[in-house]
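Please read the following briefing alongside the sequence and the structure.

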Amino acid sequence: MSNDTHNHSHSHSHGGAHALPFWRKYIFSTDHKTIGLQYGITAIFFLLFGFGLMLLMRWQLAYPKQAIPLIGKLFTEDGVLSPELYNQFGAMHGTIMVFLGVVPLAVGAFGNYLVPLQVGAQDMAFPKLNMLSYWAYFCGGVVMLGSFFSPNGAAASGWTSYPPLAVVADNGQSLWLIGMVFLITSSLLGSVNTIVTAIQLRVKGLSFMRWPIFVWAQVTTAFLLLLAFPPLEAAGVLQLMDRIAGTSFFLPSGLVVSGEALKVSGGGNPILWQHLFWFLAHPEVYVLILPAVGIVGEIIAVNTKKPLYGYKTLVYSLVFLGFMSFIVWAHHMFMTGMGVTMSTFFQATTMIISVPSVIILTTYLLTLWGASITYTVPMLFATAFLPMFAIGGLTGLPLGLTASDIHLHDTYYVIGHFHYVVAPGTLFALMAGVYFWYPKITGRFMSDTLGKIHFWLSVIAINGVFMPMFFMGMAGVSRRLYDQTIYAHGAAAQPLNVIMSVSAWILAVAQLPFLYNMATSWKTGKKVDSNNPWGGTTLEWAASSPPPHENFPTPVEVYRAPYEYSPNKKLLPQFVQEA
Amino acid sequence: MSALIPYIDEPHPVTGVTNAKLGIWLFLASEVMLFGALFSTLIIMRSSATDWPAHGSDVLNVPLATLNTVFLIASSVTIVLSWAALKMKDLKKFKLNMGLTILLSFGFLVIKYIEYSSKFHHEHFPSTSTFYAVYFTLTGLHGLHVVGGIIANSYLLGPGSKMWFTEPERFTGRIECAGLYWHFVDLVWIFLFPALYLL
Amino acid sequence: MSHGEMTVEEVKKHIKKYYVVFGALLCLTIVTVGISYLHLPTLQAIILAMAVASMKGGLVAAYFMHLIDEKKIIYSMLWLTLVLFAFCMLIPLFTLHGSFN
C-alpha cells in the first residue's frame, strides 16, 4: 500500500500547500503537525536556554567568586556571577525547564504531532484552539524571557515562588506570575484538545483498550494538566493581588522586612500558597514523566518486536498513578509543621504511589526479558531511561518518609532525586522520541554514528552531574547556597561540585552532535524506504513520511490491539486487516 | 479543512456527544477546580481572620446583590430558552432571548459597578482588610467570567449567527455550549452570594 | 441526551420545566436572603445557607445544564472532577491544622 498511498498523498499535500500563503502554513498554522514542530523547536530553544543558565551557575558553584572565563563580563562588571543573578538564574532555570521546556516538548510537541496520528484523525478536534495554545505558550515564554531585562531582573524567589519572599520581591516576580497565567491558559486549552481528539476522533475499531500506550499516557497527562493547573492559576492571581493591589492573602500579620514593619493588613497564610502550589506541582511531576513512559513503551515494543508485557496492567497503572498524584502533594511540606496526622496520611499515599510506578517499570523489564533487542539509537536512550528513572524513583522514597525527610529536606539530595527523574529520565525518553519519530516527521533517518556518540557521552556525563548530589545531600549541604565553602561541611564536599560542574559542561558539549544531527539530517539523512521503517504497529506508521496535510488521504481502520507481533516477528500492524 | 473533522455537528456514535460538548465540559471541569481553590481560600481567610464582619450584610449591599442574583438566574433562563428556540427552528425567538441574556448580564455588571464604586468611595480597597481582599478578588474574577460570557454571547448573536443558515446543527451546538458556560457562571454566583453577602 | 432529534412537543415540555425551575430558584433566593435576617448562630447559618445554595446549584446543573439526563462520558469526567474538587476543599483543613499545631 505504501507506494500507492505515498504518490497520492504527495500530490495531495502539495495541492494544499500551495493554496495557503507562507504565514498561514508555517506561522499561524492550524495543522497539528506544524504546531507540534513549532512547540518542539521553541521548547528545545528554552531547554538549551535553561541549561545555559545552569552552566553559568555551575561555574560559581565549582569555583566560588572567581570570574567566569571569557563570557563573565557580559553579566557583571567583574565577571563574577553576583548573588542576585545567581538567585534569578536558579529561579528561572527551574521555571524554564519545567514550564517552557519539558512540558511543551513532551505534551505540546509529541502530543500534538502524534496523538492525532495514532488515533487516525485528520487533525486535532479544535485546530484553531490548538494554534491559540501555541501562541499563548509563546507569549508566556516572551514574558518570562523579557523579565530578565526588567529593571531589577527576573524572578528570584525560586521556581516555587514561596511567599512572603515572593510577595516582597522585585518586579520580576510580577512578570513571572503574568507569564505563568499565559502558560497555564496554554496548557488548559491544549489538554482539552488532546482529550477530545483522543476520545472523539478515534478511527473505526480503535477502542480504548486498543489505544497505543503513548495515547493513554497523553490523555492521563492532559487530565492532570486540566484539573491540577487551575488551583495554581488561582494562587497566581492571589499572589498578583498581594503584589499589586496590596492584599495579604499570603502575608501573615507582623511581618518585618529589612528591619521595617510591612504596612499591610496581614492575617494571611503563607502555607496556603504552598498547598495550592503543590496541588499543581506534584501532579506536574507526573506530567513530566508520563509522556516519557508512553514514548519508552512505544520504542521498546518496536525494538523488541514483542507485545508490551501486561498492556492492561500498564494502562491501569498509568491511570492510577495519575489519580494518586493528586493526593500526595503535601509530602513536599513535611517541614512546615503540619502535624503527625497529616504527615502520616501523605506519607502513606506517597508510598502507595510508588507501587504503580514500579509496576510500569516491571512491565517494561519483562518485555525486554528474552527478547532479541535491536539496539537502535532510540532504543539505547529508551533502555537507559529504565535504570535512570528507577534511581530517580527509588531515591524519592526516603524523601516521602517523614523521618528521613527531616535530614534530607532542602539538601542537594532532593535535587539529585528530582533530576534523575526528569533529566536522564524524561529528557532521555524525549531524545529517544526525537530519534524514533524523526523519520516519520522528515522522511529521513538521523545519523546513527552521531546518535551513538551523543548517547554515550550524555549517559556518562549526566550521571557525573547528578550522582554526586546524593552524597552532597547526605553530607547535609543545602541546595540554596551561593557559596557552600563558607561552611565547614560544605567546604569538605566542595570537590564534588567540581566533578558535577565539569560533567555538566561535558554534557553540554555532548548535545552538539545531537543538534547538528537534527539540523542536517533534515536534508542529508538517509531516506526512509517505506512508511514504516522501524516496523511499528501503531497508526502513525500507516501515514506517509512526512504525513500529508490531512494525515490519511485514504481512510484507515483498526483491526487489532497495538503491539501484536507474532512469535516469528511477523509484523501485524493495527491498520492491516489480514492476519 | 474543518469539514473533515467528524462529530462537530452530530454526536459520536459511541460517546453520544459532539466534540464541542465534551470540550466545554472539560473546560468547565477545570473551572470547577479554579473556583474550588478560591473557595478554599475564602474558608481559610475567614477562619483565621481577626476582623471578618459578623454578617456580610453589615458591610455589603444585600438588596443590590439580591437583584443581581435575580438578573443572573433570569439570564440563565433566557439563554436556555434561546437554545430551545433554535431547537424549534425559530431564529427570531433565539435572537430575542439571546439579546435579553446579554442585556441582563450588562445589568449585572452595572450593579457590580455601583457596588464597587461605593466601596471605593468609602475608601474600602482590597488592601483594607482580609474580607475586602477576598470580596474584590472573588467577585472580580467572577465579573471577568461575566465579561467573557458577554463577549461570546454577543458574537453568537451578531456575526456568529450567520452559521445558522449554513450549519444549523453546529450552530445550535454552539449555543448549547455557550449556555453551559453561562449556567456555570450563574452557579458560581449562587455560591458566592451567600458566602460573601449573607454569612 | 442527544438533543438532536427532539420534536417540537418535547421542546415545549422542556420550556415548561425551565419556567418551573426559574420559579423555584426565585423562591429559594428569597429563602436564603430571609434566613440571613434571622441572624442564626454562625455554624447553623453556614450550613443552612450552603444547603439552600446547593439546592439552587443542583437545579441549575440538573435542568439548565441537562445533567439530569446526560451521557456516561460526561458523568464519569465530572465524578473525577468532583473527587478532586473534594481534595481541593480539604486544603483549608490541612492549612489551618498546620498553622495551629
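## Briefing on the predicted model

The C-alpha centres of domain 1 and domain 2 of chain C are 23 Å apart, the domain bounds being those of an automatic or database domain assignment. This is a predicted model, in which local features need pLDDT of at least 70 and side-chain atom pairs count only at pLDDT 80 or more, while totals for chains, interfaces and linings use all residues. Residues are numbered from 1 along each chain as its sequence is written, and chains are lettered from A and ligands numbered from 1 in the order in which they are written.

**Chain C and its contact with chain B**

- Domain 1 of chain C covers residues 1-70, and domain 2 covers 71-101.
- The contact between these chains involves 40 residues from chain C and 41 residues from chain B; two residues are in contact if their C-beta atoms, placed from the backbone, lie within 7 Å.
- On the side of chain C that touches chain B, two or more residues come from each of α1 (8-37), α2 (42-64), α3 (72-89) and α4 (91-99) of chain C. Helices (H or I, at least four residues) and strands (E, at least two) are DSSP runs, numbered from the N terminus.
- With 12 residues, α1(C) gives the most to this side.
- This side of chain C has 28 nonpolar, 10 polar and 2 charged residues. Here Ala, Val, Leu, Ile, Met, Phe, Trp, Tyr, Cys and Pro count as nonpolar, Asp, Glu, Lys and Arg as charged, and the others, Gly among them, as polar.

**Helix α2 of chain C**

- The 23 residues of α2(C) reach 32 Å from first C-alpha to last, close to the 33 Å expected at 1.5 Å a residue; the expected span is 1.5 Å times one less than the number of residues.
- Buried residues of α2(C) include A49(C), K56(C) and F64(C). A residue is buried if 20 or more other C-beta atoms lie within 10 Å of its own, exposed if 12 or fewer, and partly exposed in between, with C-beta atoms placed from the backbone.
- The cover over the buried residues of α2(C) includes α3 (62-87) and α7 (168-198) of chain B, together with α1 of chain C.
- After α2(C) comes H66(C), with a positive phi near 60°.

**Chain A and its contact with chain C**

- Chain A contributes 16 residues to this contact and chain C contributes 11 residues.
- On the side of chain A that touches chain C, α8 (213-244) and α9 (270-304) of chain A each give two or more residues.
- The most come from α9(A), with 5 residues.
- This side of chain A has 11 nonpolar, 5 polar and no charged residues.

**Helix α8 of chain A**

- Because 30 of its 32 residues are buried, α8(A) is largely enclosed by the rest of the structure.
- From its first C-alpha to its last, α8(A) reaches 45 Å, close to the 46 Å expected at 1.5 Å a residue.
- At F229(A), shortly before the proline P230(A), α8(A) has a kink of about 30°. The bend at a residue is the angle between axes fitted to the seven residues ending there and the seven starting there.

**Chain B**

- Chain B contains 7 helices and 0 strands.
- Of the 199 residues in chain B, 53% are buried.
- The C-alpha trace of chain B spans about 60 × 35 × 25 Å along its principal axes.
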